[in-house]
Amino acid sequence: MTLAEAAEELVRLGTDFHRRGWMLGTSGNLSVVLSRDPLRVAITGSSIDKGRMNPGQILEVDAEGKLLGGTEGRPSAETLLHLEVIRSAGAEAVMHTHSVWTTVLSDYHHSRDGFAIEGYEMLKGLEGVQTHEHREWIPVVENNQDMSALAVEARAVLLKRPEIHGLLVRRHGMYTWGKDLRTAARHVEILEFLMEAVGRRQMMEPT
Ligand SMILES: [Zn+2]
């Protein structure tokens, strides 16, 4: 995938996710691997209004998150976490959203380090899941403005539970990923649906 192709796809996804309330204001970041060796990644720049994105706002960065020539702008601090997921989960694309339900559930379940979702038909939209009887663990890590520290925590979670499809950052949002851009985008839809379903169901019978 070329940078131009990646930029077009990321703008389309970002605009869609903004419209659906998952990347409001300047929140969230989307990235896709352009090449592995050396690692080159296309990623949304810092402070971009997701309701008014254009392809010129998609940056190319290297394995350290440094901006490469040909693109202008400032990489987001969250670029480091994208690069960590690309390395630790072997992901080809990473999506970071800031929805209401991931924010609420990450806060509620933080003291237990996460929560499980099971029994929902929509779980089958996650890569490799064949049945609604699947039990998906959703880890929650504490938020931190030090993205290097947050990346270390995310790496530990990914090494401990390589089977997961996403993780939450407390009172912040979700990271999910996939073997390609389409899979990662599908995981956003599936997990956002599941988070909302679980959250609304829980409100009917608060414990
Ligand atoms: Zn964020």
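1. A polar contact is a pair of N or O atoms within 3.5 Å; within protein, one must be able to donate a hydrogen and the other to accept it, and residues adjacent in sequence count only if both atoms are side-chain atoms.

2. A word on the ground rules. This is a predicted model, in which local features need pLDDT of at least 70 and side-chain atom pairs count only at pLDDT 80 or more, while totals for chains, interfaces and linings use all residues. Residues are numbered from 1 along each chain as its sequence is written, and side-chain values use heavy atoms, with hydrogens and water left out.

3. Back to Ser99, which sits in the loop between strand E4 (93-97) and helix H3 (100-108); helices (H or I, at least four residues) and strands (E, at least two) are DSSP runs, numbered from the N terminus. Ser99 has a relative accessible area of 3%, so it counts as buried (under 20% relative accessible area; exposed is over 50%, partly exposed in between, with a 1.4 Å probe and protein chains only). Leaving aside neighbours within four places in sequence, Ser99 is in contact (heavy atoms within 4.5 Å) with Gly21, Trp22 and Glu192.

4. Phe17 is buried at 1% relative accessibility, and Trp22 is buried at 13%.

5. Next, the largest nonpolar core, which has 23 residues; Val41, Leu81, Val94, Leu167, Tyr175 and Trp177 touch the most other members. Such a core is a set of buried Ala, Val, Leu, Ile, Met, Phe, Trp, Tyr and Cys residues joined through side-chain atoms within 4.5 Å. Helix H4 (147-160) is among the elements that give two or more residues, and H4 supplies the largest share, six residues. A second, separate core of 21 residues includes Val11, Trp22, Met23 and Val32.

6. Finally, please look at Asp62, in the loop between strand E3 (58-61) and H2. The backbone nitrogen of Lys66 lies 2.9 Å from a polar atom of the Asp62 side chain. Beyond neighbours within four places in sequence, Asp62 is in contact with Leu39, Arg40, Leu68 and Leu83.
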